[in-house]
Amino acid sequence: MSKSPDMLMQIADININSEIKKSNLPILKMILLGIMAGAFIALGGDASNVASFGVENAGLQRVVAGCLFPVGLMMVVFSGSELFTGNCLMIMGALDKKVKVRKILINLFVVFFSNLLGALIVDFLIFYSGQLDIGSGAVGAYAIKIAVAKTTISPLKAFTSGILCNIFVCMAILMSSISKEIAGKIFAIFFPIFAFVVCGFEHSIANMFYIPTGILSATNPQYAQMANDLYGITLHQSNNLLSLNGIDSIIYVTLGNIVGGMLFVGIPFYLAHRKVWDK
């Protein structure tokens, strides 16, 4: 009798089958699902900002943010949305010769910019909702602080932090795929995402929320002044956000996310847990 596949092989099979479907999505549907995913990640980032802005201890602040941010990926997974960082796992389908590299590149390109559009929609909604006025503008000031930090990070730090981030994200997706129960999927998603937020690693799609929100906040003199009073963010630094200085940090983070998802998770997971060693 042949052996039934073990759990890890099942995870690989489940994800490869999912990747086949992703690669064959009609472009318009891919765009719609990408917009949804970008919006959901942005909403998770927004919730973490509002919950943590008033916490002074840096470690505790990250713990609070980490408890809220995972809701974004939960909404992505449960809605079947398309998230760029998770779709880096499509490399497994290519290794299995079931997904063409050309289709992977198309998917990643379309989903990346769809995620950007979804995040930007939420950025503007949040800005005009007045939510950044919470704490007499302290949430807006906090948004500026985060954006300045993310746009002044060195290319090497952005790249390596992006790698580490997407190890957590892709493992969360792999782990959640094996559970058939909602509670199991929630636990599988929560802890890796919680860990990456606590560690402060960089996620390209999350940064599509954090950086534009900071840029929008910098247009408000009250927020900019409070960022100076609370965090020592000078008006010059706030103006640098408005001139889009440092926005290229998203590129380095994105490259790191690709390497983390493909080279550090997708490829080794496939090689270790498919039947390539049994031939």
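## Notes on loops, aromatic pairs and pockets

1. **Lys-97.** Lys-97 sits in the loop between helix H6 (91–95) and helix H7 (101–129). The model is predicted, so keep in mind that local features here need pLDDT of at least 70. Lys-97 has a positive phi of about 60°, although it is not a glycine. Most residues other than glycine have a negative phi. Is Lys-97 buried or exposed? Lys-97 counts as exposed because its relative accessibility is 78%, and the cut-off for exposed is over 50%.

2. **Ser-136.** A positive phi of about 60° also turns up at Ser-136, again not a glycine. Ser-136 is placed in helix H8. Its relative accessibility is 52%, so Ser-136 counts as exposed.

3. **Aromatic pairs.** How many aromatic pairs does the structure hold? There are 11. Phe-69 and Phe-196 form one that is edge-to-face, with 5.8 Å centre to centre and 85° between the planes. This pair links distant parts of the chain, 127 residues apart. Phe-69 lies in the loop between helix H3 (58–68) and helix H4 (70–79), and Phe-196 lies in helix H10 (residues 182–199). Both Phe-69 and Phe-196 are buried.

4. **A tilted pair.** Tyr-142 and Tyr-231 also form an aromatic pair. Their rings are tilted, at 6.3 Å centre to centre and 50° between the planes. The pair joins distant parts of the chain, 89 residues apart: Tyr-142 is in helix H8 (residues 134–151) and Tyr-231 is in helix H12 (residues 221–231). Tyr-142 counts as buried because its relative accessibility is 6%. Tyr-231 is at 27%, so it counts as partly exposed.

5. **A phenylalanine cluster.** One aromatic cluster is made up of Phe-84, Phe-109, Phe-112 and Phe-113.

6. **The cavity.** The count comes to one cavity of 30 Å³ or more. The largest cavity has a volume of about 40 Å³. Which residues line the largest cavity? They are Ile-41, Phe-69, Leu-73, Leu-83, Thr-85, Val-169, Ile-193, Phe-196 and His-203. Phe-69 and Phe-196, the edge-to-face pair, are thus both on that list. By class, the lining holds seven nonpolar and two polar residues, with no charged residues.

7. **The largest pocket.** This pocket holds about 710 Å³ of space. It is lined by 26 residues, and those closest to its centre are Arg-62, Tyr-142, Ile-146, Lys-150 and Gly-200. H2, H3, H8, H10 and helix H11 (204–218) each give at least two residues to the lining of the largest pocket. Which element supplies the largest share? H8 does, with five residues. Sorted by class, the lining has 14 nonpolar, seven polar and five charged residues.

8. **The second largest pocket.** Its space comes to about 540 Å³. The lining is 24 residues; Ser-18, Lys-22, Val-77, Ser-81 and Ile-173 lie nearest the centre. Two or more lining residues come from each of H1, H2, H4, H5 and helix H9 (155–178). H1 gives the largest share of this lining, six residues. The classes are 10 nonpolar, eight polar and six charged residues.

9. **Ser-81.** Ser-81 is among the residues nearest the centre of the second largest pocket. Ser-81 is buried because its relative accessible area is 6%, and the cut-off for buried is under 20%. Its side chain makes a polar contact of 2.5 Å with the side chain of Ser-79. Not counting residues up to four places away in sequence, Ser-81 touches Lys-22, Leu-33, Met-36, Ala-37, Phe-40 and Val-76. Lys-22 is also listed with Ser-81 at the pocket centre.

10. **Asn-24.** Asn-24 lies in the loop between helix H1 (7–23) and helix H2 (27–52). Its relative accessibility is 45%, so Asn-24 counts as partly exposed. The C-alpha atoms of Asn-24 and Asn-107 are separated by 9.0 Å, while the two residues are 83 residues apart along the chain.

Note on methods
Residues are numbered from 1 along each chain as its sequence is written. This is a predicted model: local features need pLDDT of at least 70, side-chain atom pairs count only at pLDDT 80 or more; totals for chains, interfaces and linings use all residues. Side-chain values use heavy atoms; hydrogens and water are left out. Rings of Phe, Tyr and Trp (its six-membered ring) pair if their centres lie within 6.5 Å; planes under 30 degrees apart count as stacked, over 60 as edge-to-face and the rest as tilted. Helices (H or I, at least four residues) and strands (E, at least two) are DSSP runs, numbered from the N terminus. Buried means under 20% relative accessible area, exposed over 50%, partly exposed in between (1.4 Å probe, protein chains only). On a 1 Å grid over the protein atoms alone, a cavity is a set of points where a 1.4 Å probe fits but cannot get out, and a pocket is an open set with protein on both sides within 12 Å along at least five of seven lines; lining residues have an atom within 4 Å of a point. Grid points are joined across faces, edges and corners, and a volume is the space filled by probe spheres set on the points. Ala, Val, Leu, Ile, Met, Phe, Trp, Tyr, Cys and Pro count as nonpolar, Asp, Glu, Lys and Arg as charged, and the others, Gly among them, as polar. A polar contact is a pair of N or O atoms within 3.5 Å; within protein, one must be able to donate a hydrogen and the other to accept it, and residues adjacent in sequence count only if both atoms are side-chain atoms. Contact means heavy atoms within 4.5 Å.
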